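Q: I would like to learn how to read a predicted complex feature by feature. Could we take each feature as a general idea and then look at the case in hand?

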Amino acid sequence: MNVTLHVWRQKNATSPGKMVKYEAKNISPDTSFLEMLDSVNQELIARDEDPIAFDHDCREGICGTCSLMINGLAHGPERATTTCQLHMRSFKDGDTIYIEPWRASAFPVLKDLVVDRGAFDRIIASGGYISVSTGSAPEANSVPVPKDASDLAMDAAACIACGACVAACPNASAMLFTAAKVSQLALLPQGQPERQRRVLDMVRQMDSEGFGHCTNIGECSTACPKEISMDFIAMLNREHLKATLSKK
Amino acid sequence: MASDTQTRPTSTDVGTRRSLDLQRTLDAKIPAGPLQDKWDTHRFKMKLVNPANKRKYTVLVVGSGLGGAAAAATMAELGYRVKCFCYQDSPRRAHSIAAQGGINAAKNYRNDGDSIFRLFYDTVKGGDFRAREANVYRLAQVSVNIIDQCVAQGVPFAREYGGLLDNRSFGGAQVSRTFYARGQTGQQLLLGAYQALQRQIGLGNVEMDTRTEMLDLVLVDGKAKGIITRDMVTGKIEAHAGDAVVLATGGYGNVFYLSTNAKGSNTTAIWRAHRKGAFFGNPCYTQIHPTCIPVSGEHQSKLTLMSESLRNDGRVWVPKRQGDTRPPHEIPESERDYYLERKYPSFGNLAPRDISSRSAKEVCDAGRGVGPGGLGVYLDFADAIKRLGVEKIRERYGNLFDMYQRITAENPYEVPMRIYPAVHYTMGGLWVDYNLMSTIPGLFVIGEANFSDHGANRLGASALMQGLADGYFILPLTIGDYLAQVKAGDFNLEGGEFRQTQAEVNQRTERLLGIKGKRSVDSFHRELGRVMWDECGMARNDQGLRRALARIPELRAEFWENVRVTGESNNINGELEKAGRVADFLELGELMCLDALHRVESCGGHFREESQTEEGEALRDDDRFAYVAAWEFKGLGEKPVLHREPLSFENVQLAQRSYK
């Protein structure tokens, strides 16, 4: 199959960017979306042009490195699918495909389709953990965790921090990402001692990174390749309110 | 090979050169005493750094997967100053994250007869008696602490209704000792370590450099004192100094081009250290995992693993007749060959990874493979669905079935999956002693990057265990013993060694960009991968390995004359990154073939066609090869020197593995 691509090209963080048109020819429908970009890049290299820069690593949907707005949708048209797991059979011969980087001021573009998601790491560093130094842990089965709580915590913990939630949100809010970690740890007995401090610190960090506010639109959850539920945002709001009110 | 092998390096020089060489002899430093007491005794005997002095020491940690993140966080907790580096945009993206199945620990929660000794024994046997007993026993000992640590961090392991931890049997083990978090155990364990690391970053105890790749190691007076890195955004080549360097950079399976590793996984850090004097242990030991999605065409950029747990319920088969192209449902029961059940009646579809992989290759080589190109076998769930119902199968494997369908567009509830073996893990790596220190003083190597613990074949759910054991519980202690013996801050970033190594890295980068040849980096990588897969893959023989040893240097020479690396050095440049890595793979591949050629026995993942039983099973030669092969770099184009670390087994009986 043949497709026409319009790709965001931007030399570096400070240069202006623009959409550039490319033709991807003789692509097998079994090719993954990133392999299609690989083949376009091989042609660019053959013409001695700079290949398109995009983030990717595991190519099996778990590391969270890949991104891309594909025809305006984070990770493209398939539900619960990262860009690296998207295949060309989801498109038709002759399609025109627009490819852009994640769009959020808290995720500045570094080059072409590559953005800086360091804000997520800083949100985790502000409190997204349980303080337990190596060696100090009690026997693993000494604290039972109800299966329901554990399963729900796992649902939240499935987040891969790709940033699709931010990119899909009209406000560029990072609520779903932050909520997933706050909820996971709040659901577990091990997370209780730091529960209130954690949510306050993480939300404060999130706000300071320049993410927008949440207005409960729900694009985040729809775009999420791991289908993290909006319920966790409700849980975050509840946690934050409780912590704010009980704080002396 | 006898003429160019020796047990310890000789030195023609006197003075510093000589003392350096003496440090490079293969002393594994295994503590004396009974197996059970070695680690305890050693912990007591090791020197300690005074708590108030720890902050004066800087440790550089390269890599942020299970080993690197755990080690960086733990050393920071102990009070050391830590600098950590990863090539990914966040430490949370290291490839440990992709591990699916689980992590072993000798908790014996199931009361099914597990013990530290049994986990130790299974690991030594599974590794086909090519691992060091003392290391493996220590691994089994600390395995129980890992689970405690991870649970306390909030890792959401699977639980039973009573709220206690669930276990499953995995990879053919006869006890249930595997802890898991759905099909994402690696992800959850890594996030636990990542969060511990982020906590230390937030506290200012760890300086983290992301999108930063180590390109060389700096030695001062023969000791590891620093690294040279490239900032992958600005292109800046920088020197970093420390009192010790820890490499936690993972495996080198991408030498085969197609593997289940992440695209960025590479050998550069350990290969550069090897060139600087770190011996490379058992480079040819490669694990080829039996249950991966087959290659679909030339465009393929990587392979995807399907968890081994699928073999608990799926049945592996191919048509009995060669070239049978009928769709699977039209092939009657009587014309199917369930070859694993036929050949290994007691283990059946759960035969160990190396054996299952080789059997798949055999039937495909015999022209009975299925799917495009005939490189695939069926993994059929029809019987399991009949027996247990679709819902039960969906509950057990739903996410894996979805992933398979996403990639292949086939519905495994209705048609059998097609699977084929793929390169998955490298048991080989830099040689380390009991303290996890390489032959370069001050250079420590942990996780998949070192050679230890798994022998010639790794058991399922043991990689996560080893990475975290090294990172949380072993290295942070053993490195103290080394640091206590060196003066803190005894390095000078402006010194000659740093400047010179930095200049060499700069030159190499400019040279790669300056070749301006005709062939892309990927085309060289693909060709190397094809050579390695054909000649140094699931089955190896003298003739093929010699062919590879002739071809790889030619390919390497062509690379340095004809590779095309586009773009600039002072910007994000994926081609330049790949070129540096492929240049190193082109050297490593040759060493792997040389190691495979010299080891004229079959053991674990290393199958030499010349060494097999009448039934075609791997045949070890313990009299000649019960040793670790540790290779010393002598210059490109020069024959590396083989050093042998003899393996003695005092607590297990050497036996031919049998899964019949």
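**Reading the model step by step**

Q: Does B:N111 count as buried or exposed, and why?
A: B:N111 has 8 C-beta neighbours inside 10 Å, and therefore counts as exposed, since a residue with 12 or fewer such neighbours is put in that class. Please keep in mind throughout that this is a predicted model. As for its place in the chain, B:N111 sits in the loop between β3 (103-104) and α4 (116-126) of chain B.

Q: Which class does B:L576 fall into, buried or exposed, and why?
A: B:L576 counts as buried, because it has 22 C-beta neighbours inside 10 Å, and 20 or more are needed for that class. This leucine lies in helix α16 of chain B. If neighbours within four places in sequence are left aside, B:L576 is in contact with B:T509, B:L512, B:L513, B:V565, B:G567 and B:S569. A further distance to note is that from B:L576 to B:V521, which is 55 residues away along the chain, with 8.7 Å between the two C-alpha atoms.

Q: How far can I trust the coordinates, and what pLDDT does chain B average?
A: Chain B averages a pLDDT of 94, and 96% of its residues score at least 70. Over residues 1-24 of chain B, however, pLDDT stays under 50, and there the model has 22 contacts beyond four places in sequence. For the complex, the predictor gives an ipTM of 0.98 and a pTM of 0.96.

Q: In what order do the strands of the open sheet in chain B lie?
A: In general, strands of a sheet pair through backbone hydrogen bonds, either parallel or antiparallel. Here 5 strands of chain B form an open sheet with antiparallel pairing, in the order β11-β15-β14-β12-β13. Since β11 (286-292) and β13 (336-337) of chain B stand at the edges with a single partner strand each, one side of each is left without a neighbour in the sheet. Within the sheet, β12 (residues 315-319) and β14 (residues 377-380) of chain B run antiparallel and are joined by 3 bridges, with B:W317 standing opposite B:Y378 in β14(B). Helix α9 (residues 353-365) of chain B packs on this sheet, where it touches β11, β12, β14 and β15 (417-426) of chain B, and its direction makes about 70° with that of β11(B).

Q: Which way do β1 and β5 of chain A run, parallel or antiparallel?
A: Strand β1 (residues 3-9) of chain A runs parallel to β5 (residues 96-100) of chain A, and 4 bridges join them; the bridge partner of A:V7 in β5(A) is A:I99. Strand β3 (residues 69-70) of chain A pairs with β5(A) in the antiparallel sense over 2 bridges, and A:I70 stands opposite A:I99.

Q: At what angle do helices α14 and α15 of chain B pack?
A: Helix α14 (residues 521-536) and helix α15 (residues 542-562) of chain B pack at an angle of about 170°, with their axes 9 Å apart. The two are therefore roughly antiparallel, the cut-off for that term being an angle over 145 degrees. Residues in the contact include B:F524, B:L528 and B:V531 of α14(B), and B:L545, B:A548 and B:I552 of α15(B). By class, this contact has 9 nonpolar, 1 polar and 5 charged residues.

Q: How many residues of chain B are in contact with chain A?
A: In chain B, 61 residues are in contact with 63 residues of chain A. Among the elements that give two or more residues to this side of chain B are α3 (66-78), α5 (133-153) and α16 (574-598) of chain B, while the largest share, 9 residues, comes from α6(B). By class, the side of chain B that touches chain A has 20 nonpolar, 26 polar and 15 charged residues.

Terms used:
Residues numbered from 1 in each chain as written. Chains lettered and ligands numbered in written order. Predicted model: local features only at pLDDT ≥ 70, side-chain atom pairs only at ≥ 80, totals over all residues. pLDDT = per-residue confidence, 0-100. Contact = placed C-beta atoms within 7 Å. Pairing = 2+ DSSP bridges. Axes fitted to C-alpha atoms, helices over the stretch in contact; angles between N-to-C directions. Nonpolar A, V, L, I, M, F, W, Y, C, P; charged D, E, K, R; others polar. Parallel < 35°, antiparallel > 145°, perpendicular 65-115°, else oblique.
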